[in-house]
Amino acid sequence: MLADVSRAQPKLLLFAAAAVVLILLALLPSYISLYQTQLLTYGLIAAIAALGFNLLLGYTGLLSFGHSAFFGIGAYSVAFLLRDAGIRSMELYILIGLPVAALTSALFGYICVRHTRIFFGILTLALSQVLWTLTYKFFWVTGGSDGLRVGRPTLLAGMLTFTGRDAFQRFINGYYYYVLAVFAICVVIMWVIVHSPFGKALQAIRDNETRAAFLGLRIRRFRWVAFLISGTFTGLAGILWVPLNGLTTPEVLYWPFSGEIVFMTLLGGFRNFTGPIVGGILFTYLKTYAVAATEYWQLLLGVVLVLLVMLLPTGIVGAISATAAKLRWKEKPA
Amino acid sequence: MSILIIQILNSLFYASVLFLIAAGLSLIFGVMRIVNMAHGTFYAVGAFVTAWLVGRAIALGVPAAWTFLLIPVGAGAVALLGVAIEPLLRPFYRRAEEYQLLVTFGLLLILEDVIRLLWGGLPLSADPVMDVLPSIRFGGLIYPGYNLVVIAIGVAAAIGLWAVIYRTKFGVMLRATSQDRRMASALGLNVGLVYVSAFAIGCFMAGLGGAIIVPTQTAVLGMGIDALILAFVVVVIGGLGSLQGALVGALIVSFVRTAGIQFFPEIELAVLYLIAAVVLLVKPTGLFGTA
Amino acid sequence: MILLETVDLSKQFGDVHACDHVNFTVNKGEFLSLVGSNGAGKTSLVNLISGHLKPDSGRILFEDKDLTFAPVYERIRAGIARSFQIVNLFDALSVFDNVALSIFSRERKVVKIAALADRDQDVRREALDVLSQFGLAEKSAVFAGGLAQGERKLLDVAVAYALRPKLLFLDEPTSGVSTRDKTQIMDTVSSVVRAGAVTAVVIEHDMDVVFRYSDRIVMMHEGRFLADGTPEAIKANKDVANILLGAPLSA
């Protein structure tokens, strides 16, 4: 009994903190500029992408350099649905785009998880490159380097449309809450996944593949499912991104974009749950200001990545929790 | 028939370049057990440096024939770059693989942008070097003499590398260190020096690959990534850490690529990945792999 | 009743015959010790049976199933489990989670994505039960990487035991541990195993331990079986004594 209560307490604290953060996020648009709201929306979208990515890295131990493929598939699905089927409903974008992203992840995952870590990474890179090349080659379908335009979608099964007076302002605010809701749902789903028996098995496989096999776990299958979920989450981020951005180009399939996903996860910290979320949001702000400051933004990214790996391998959240643990230990020595 | 010969020669030409890149990658992995994600970018640097040097030399009025000498200079520059970078990677030799991949990926991002910074987004070419050598005529067809020289360089590199690794004292040191680092150190070998040398040689080979290909093919941004992927397909087939593997893998990949471009230009990449996947299924460590 | 039988099982590494046409039978309910000097082939035999290695020739039969080429997970599902000589745990997970995972896997609950692992009361109860049997219940919240060596060895066995196997292989469960801890570990292991009616095969070097706890002792030498019998029979066996003392074998 006592054991159950003491286990429950940190969880209650967690839920309380999460609720507070959610409320804060919900209140924010009333106090910040429209531009900031837009930026924060991008940040939440990046957080969803990173959250998905980290299921694979942090919890399964697989480092993918090709996650741009899923983001891009999500984005281009929306663009195609609009252009070829005239669909404007955000719900339909998600309903149709998600299975497309899932299918792609399933296929890519099937090819990639058969291989060891180094080759896994290269294979993910290679497959995303193939997708990028195809997007360029078949320019009459994909719009080539010009990309495809995506207008404002309708939200909540067509109930909310954004035309007429103040359309842009209403859209930014409305879309923010929409993304926030999806983000909250994603966080809950991912939290349940990593705390489920499945999630524990993934971590076991990550830590000790041999032992996990001797527990009767089918390693490849677990990795494949993790890959599938991971790619689908990142695909969802792509689906949410393109109506906000108004345009999708092949750049979103190109390898540096995969690098950005890796970077933001590392920034926040890949060894804990909230790291990717913090990293995604923080990165969005950093990138916006950095891109404005320098043309050689990729160079900066690379330098900071190297520094991160050297000095702060557990990321910002990891460093904070380590410092907190140290302080706690100092207060009451064992 | 002559077309077949041309295709074979083209394959051998491309195989030479691939061999250099893949052997460099394999050597670094074999000795130091690290996988350098930026290896393809070293190849790109070799191409850009050489093309730039050739351009400057021609502009300064140097006769075209002498520009040939700039190829080893370009490769050497990449080797120096490797020597400068190796200390950065030292803390990661014994850390988990993810960190190695991440830090070398960071290196990749940095170098790709440095290329852009130094030479802009414009492609650079080094045609004058190619024009130095006459074209060979046979059976009614013309083939660039330069390509034959590249094939010769590839063969020479394979033999040279084999000789160094298996016939010299330095090679013994390399092999000892790759098999058992601690033991080698206990026996008095300067492991740090061996590592730097291995890394420098590996980078030299990648740079040489870039240097010899740039007279026939303009240096463009992103060539490093494509080379990286192809180099990995080569080592997947041939086995990471094996010299013969790099040679055999390079030949296979090159021939498949040539055939693919001829008949199925769109899915040429897919055929390569298919071969790699099949090899991995049958023999997970590659044909000659030690990993 | 025969639980496991190997027929002419062989494995070679270059010139070394790790297992040389081994015919090994294990009877249900036995507590068997597998002994022999280093390189005799004990761990290879266990690796072959558990699926870590593929044999060159021969067959492995478990309860009428031919497991010779079965993948590891199939063997686990059939009822074989093992612990490791060099402790092999999930260091980043808690002691509790290490054991719970075995139970989840056994119950095929690892496919559950939509449920929280901590909420499963059946698994919790059983995991705590196993842990207390092995004397690790107080450490259940500690990370496996933070345990003392003796506790890690016990946990390694507990993780395998939690699979409720029919046949449990223990690879040197007392190696690397002080003499006092050895007895403690073997006491725990043997009592738990016997109470759970699990058939056990223990690879062991310490002959005191072997004689004290085993029903049956099998000695391997250079990939073959040299002796097989009760502790008394083995004690009386001259060849065994010679091997242990380093004297030449009788012809």
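Tutor: Two residues are in contact if their C-beta atoms, placed from the backbone, lie within 7 Å. The model is a predicted one. By that cut-off, chain B and chain C are joined by no contact, and their closest C-alpha atoms lie 15 Å apart. There are two pairs of chains in contact, and of these chains A and C share the most contacts.

Take chains A and C to begin with. Chain A puts 21 residues into this contact, and chain C puts in 29 residues. On the side of chain A that touches chain C, two or more residues each come from helix H7 (167-195), helix H8 (197-207) and helix H9 (209-213) of chain A. H8(A) supplies the largest share of that side, seven residues. Sorted by class, the side of chain A that touches chain C holds ten nonpolar, six polar and five charged residues.

Now turn to chains A and B. Here 31 residues of chain A and 26 residues of chain B take part in the contact. The side of chain A that touches chain B draws two or more residues from each of helix H5 (117-137), helix H11 (255-268) and helix H13 (297-311) of chain A. Its largest share, ten residues, is given by H5(A). By class, the side of chain A that touches chain B has 22 nonpolar residues, six polar ones and three charged ones.

Chain B can also be looked at from within. Helix H1 (residues 2-32) of chain B packs with helix H11 (residues 243-263) of chain B at an angle of about 140°, and their axes are 7 Å apart. Angles over 145 degrees would count as roughly antiparallel, and those from 65 to 115 as roughly perpendicular; H1(B) and H11(B) are therefore oblique to each other. Their crossing is right-handed. In the contact of H1(B) with H11(B) there are 13 nonpolar residues, nine polar residues and one charged residue.

Conventions
Residues numbered from 1 in each chain as written. Chains lettered and ligands numbered in written order. Predicted model: local features only at pLDDT ≥ 70, side-chain atom pairs only at ≥ 80, totals over all residues. Axes fitted to C-alpha atoms, helices over the stretch in contact; angles between N-to-C directions. Helix = DSSP H or I, 4+ residues; strand = E, 2+ residues; numbered from the N terminus. Parallel < 35°, antiparallel > 145°, perpendicular 65-115°, else oblique. Left-handed = near helix turned anticlockwise from the far one by under 90°. Nonpolar A, V, L, I, M, F, W, Y, C, P; charged D, E, K, R; others polar.
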